[in-house]
Amino acid sequence: MTGYILKRLLSAIPVLIGITVIVFLIMALIPGDPATAILGSYATPENVARLNRDLGLDKPLPQQYLIWLGNMLQGDFGTSFALNRPVLDEVLDRFNATLVLAGSAFVLCAVFGIVAGVVSAANQYGPADKAITFAVLLGISVPSFFLGMMMILGFAVTLRWFPVSGMWPIYGERNLAVLLSHLAMPATALAVVATGVIARLSRSAMLEVLRQDFIRTARAKGVHERRVIWRHALRAAMVAILPVLGIQAGFVLSGAVYVEIVFQWPGVGRMLVDAILKRDLLLVQGGVVFVAGCYVLFNIAVDVAQSLLDPRIRT
Amino acid sequence: MSLFHVTRRGLIATGTALALTLAAPSGARAQTPPGVLIVGQIAEPKALDPAAVTAVNDFRILMNVYDGLVRYRDGTLEVEPALATGWEISADGTEYTFTLREGVKFHDGSDFDAEAVKFNFDRMLNEDHPYHDTGPFPLAFFFSAVESTEVIDDLTVKFTLNAPYAPFLSNLAYPTGLIVSPAAVAQHGPEFARNPSGTGAFSFAEWRSNEAVVIEANAAYWDGAPELDAVVFRPITDANTRTAEMLAGGIDLMVEVPPVALSEFRGAQYTVHEQAGPHVWFLILNAKEGPFADKRVRQAANYAVNKEALVNEVLEGTAEVAAGPTPPAFAWAHNPDLAPYPYDPDKARALIAEAGAEGAELTFFVTEGGSGMLDPVAMGTAIQADLEAVGLDVTIETYEWNTFLGEVNPGLEGKADMAEMAWMTNDPDTLPFLALRTAAWPDQGGFNSGYYSNPEVDALLEAARVSTDQDERARLYREMQVIVHEDAPWVFVANWKQNAVTSDRVGNFALQPSFFLLLDDVMKN
């Protein structure tokens, strides 16, 4: 098992190096540079050249790349041009906020998705199945940013149950209840689509398992139906559901961008969008490398979890 | 049926969880406290070091924390004393001697004096200065005419310029000229940008990244302590979310209200503020090649575009029709006799026919967004329709803002016949000097991307820049505007009115033509 994990971790290294090359090249190749973005109307060639020199952007590209990579290997991601703050501080702050948001959304969609899928499958073609299928279709079809805006209008502006935006109140205590009140709408908006997808796939995974012989055996020997569904069948179906959860976790993390913008959540997705518009090279590069690294690790973790459930994969 | 039982139990559990989440925020909707003004900003500030920033968004905070030697008189773009009580200009316009206000202290307790002034300008302009590395200082070129800054005595400081430069005083009133505490720069070094100290009405209290910048009243302010206890600047980048926060009572003052959202604030509990500023939105026309090389076609474009419809329909009344290159906000330099080109498609068609440019194919650069560009895609589309109505064949090419600047600033030659552009400036000199002179063609480092050239205009602008007499400058600018209006190197479209909304708890607030946000007299209960 250790060998398997080690092998997977080693194979991640070329992936990460590839990511650094690609993100560096993309930022170098897109038109517009940080000096132009900073100077705006006053971006004369002379001013741009002077500012680029001050920012250290007048060196040849390969040299810039190697300096950046070398510094990063020593844990120095540089300083953001637009925020005047160490990239790593900003990314870690922002990533925390995204983890809170995406993590809660993920828990919501995993729990509700699997429960809905199991209930659907256990009542195939029954009223519960039809109701859930209808709700799921509706959920999959609504874009999260639109849902988010409608929720703000309904629950924050009209009913005033929740604050409109942000992660914390501007003044006053910071406790779990306050965080939950800020989290409720964005996490729900983010979870809805993934919940639908997980529910659909859990349903079909469960239906496949429920047709198998060991289920009939379990029923025949008189195991309680509740136990047959939630223990025997769900456990077997999890092998098929788990990779879907892995994919949806990635989806939730990337879908967080829209939700973060609508709810002014101080997360990493919104940070990257702002950074790209401002051509904040080091923040974009550092942020992408960090997030991509997390994706790679997360995928390895899913693979390992799957191999624990199904030893045949571990070869 | 046991399965249903489980589901029902699950439903109850779910319901309870939901109810708990719903119950939690009761109290989260508390009102904002009295005496503390919550301002909805459009972005996280970059830095609170006035020499290091370029964005209006950051200026809104800085103008309340720092003072300059001079400032704009309330409601105007005319310079009046601030940290300096007076000044003298030498006859040749190259020496400015300022008398400084006595007894002023920075928020960190150190004294404001001539040494502090010298420190500020040397830090920005002198590469050998020990604190030059607290930059970069992207707008330092505002003061590139300054050859030296000398301390005459504690309260007298003299600037020597390498040539007469009339905009010097109004550049000192611009945020780049705000005075920072040398002691605080020495103490914090590069971290000064997050630990600012000035002489302004409010002192810096706290910066929570991506959440808020908090400033507190400076009771010892030389111009009278502010009414508010504190101001909180919240970055809310999405305009719809900013509008929702204002409607839900999460902020007391909102800047840059999107035109479509203005109708939300018609109620008695809100006040909508509007103020025209030193902004011009125009189309650069390529006067070097193609149909716009002919003055008649350029004039035709000015007649063909329905500017009234643009400002009233597309911009929902958040701008006024522009008459020429100098916005009316520069009251002293603007030529009030200049009327906008009227909307007259027949005259446009006649001029085009006269020039033989019927059916000419035009490439039109449009941007997706950008500073001061208002609603560029919708405006570009409306302009395209107006020009096609008079028989021109217009093709739009749309670019993201930074890419757009990269295409337009080096000049339109070989690429396009026209391009959208907008400028906000602090002196009537800046825009025409950088974008209308022959010596400002892109290959010479200027912004004259349409290659307009008229020796008369060049001479007027050069003369206005070196004159130290404001009346004389005003006369020269007014004459320049008449010629430029007739030559029509641009289609003059709109002057933006900046807007803001305040709740009924906020009093004594007014927007400034400078577009700065000044809060020292604002009240809130």
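Tutor: Before we start, a word on domains: their bounds here come from an automatic or database domain assignment. Residues are numbered from 1 along each chain as its sequence is written, with chains lettered from A and ligands numbered from 1 in the order in which they are written. This is a predicted model, where local features need pLDDT of at least 70, side-chain atom pairs count only at pLDDT 80 or more, and totals for chains, interfaces and linings use all residues.

Student: OK. How is chain B divided into domains?

Tutor: Domain 1 covers 1-64 + 200-252 + 505-525. Domain 2 is 67-197, and domain 3 is 279-498.

Student: How far apart are the C-alpha centres of domain 1 and domain 3 of chain B?

Tutor: They lie 38 Å apart. The contact between these domains of chain B takes four residues from each. Contact has a cut-off: C-beta atoms, placed from the backbone, lie within 7 Å.

Student: What classes of residue are on the domain 1 side?

Tutor: On domain 1 of chain B, the side touching domain 3 has three nonpolar residues, one polar and no charged ones. Nonpolar means Ala, Val, Leu, Ile, Met, Phe, Trp, Tyr, Cys and Pro; charged means Asp, Glu, Lys and Arg; the others, Gly among them, are polar.

Student: What scores does the model get?

Tutor: ipTM is 0.82 and pTM is 0.85. Chain B has a mean pLDDT of 91, and 94% of its residues reach 70 or more. pLDDT is the predictor's confidence in each residue, from 0 to 100.

Student: Where does pLDDT stay under 50 in chain B?

Tutor: One stretch is residues 1-12, for which the model has 10 contacts beyond four places in sequence. Another is residues 14-30, with 14 such contacts.

Student: Switching to chain A. How many helices and strands?

Tutor: Chain A has 12 helices and zero strands. Both are DSSP runs numbered from the N terminus: helices are H or I with at least four residues, strands are E with at least two. The C-alpha atoms of chain A fill a box of roughly 85 × 55 × 35 Å along the principal axes.

Student: What share of chain A is buried?

Tutor: Buried residues make up 42% of its 315 residues. Buried means 20 or more other C-beta atoms within 10 Å of a residue's own, exposed means 12 or fewer, and partly exposed is in between, with C-beta atoms placed from the backbone.

Student: Let's zoom in on α6 of chain A. Which of its residues are buried?

Tutor: Ile132(A), Val136(A) and Gly139(A). These three sit on the same side of α6(A), because they cover an arc of only 60 degrees around the axis. The arc is that of the directions from the helix axis to the C-beta atoms.

Student: What do the buried residues pack against?

Tutor: They pack against α5 (87-122) and α8 (176-210) of chain A. The face of α6(A) turned away carries exposed residues, including Lys130(A), Phe134(A) and Ser141(A).

Student: What span should helix α6 have?

Tutor: Its 15 residues, 127-141 of chain A, should span 21 Å at 1.5 Å a residue. The rule is 1.5 Å times one less than the number of residues. The end C-alpha atoms of α6(A) are 21 Å apart, which agrees.

Student: What is phi for Tyr451(B) and Asn508(B)?

Tutor: Tyr451(B) has a positive phi near 60 degrees, and Asn508(B) one of about 65 degrees.

Student: Are those two buried or exposed?

Tutor: Tyr451(B) is buried, with 22 other C-beta atoms within 10 Å. Asn508(B) counts as exposed, with 12 C-beta neighbours inside 10 Å.

How values were computed
Contact = placed C-beta atoms within 7 Å.
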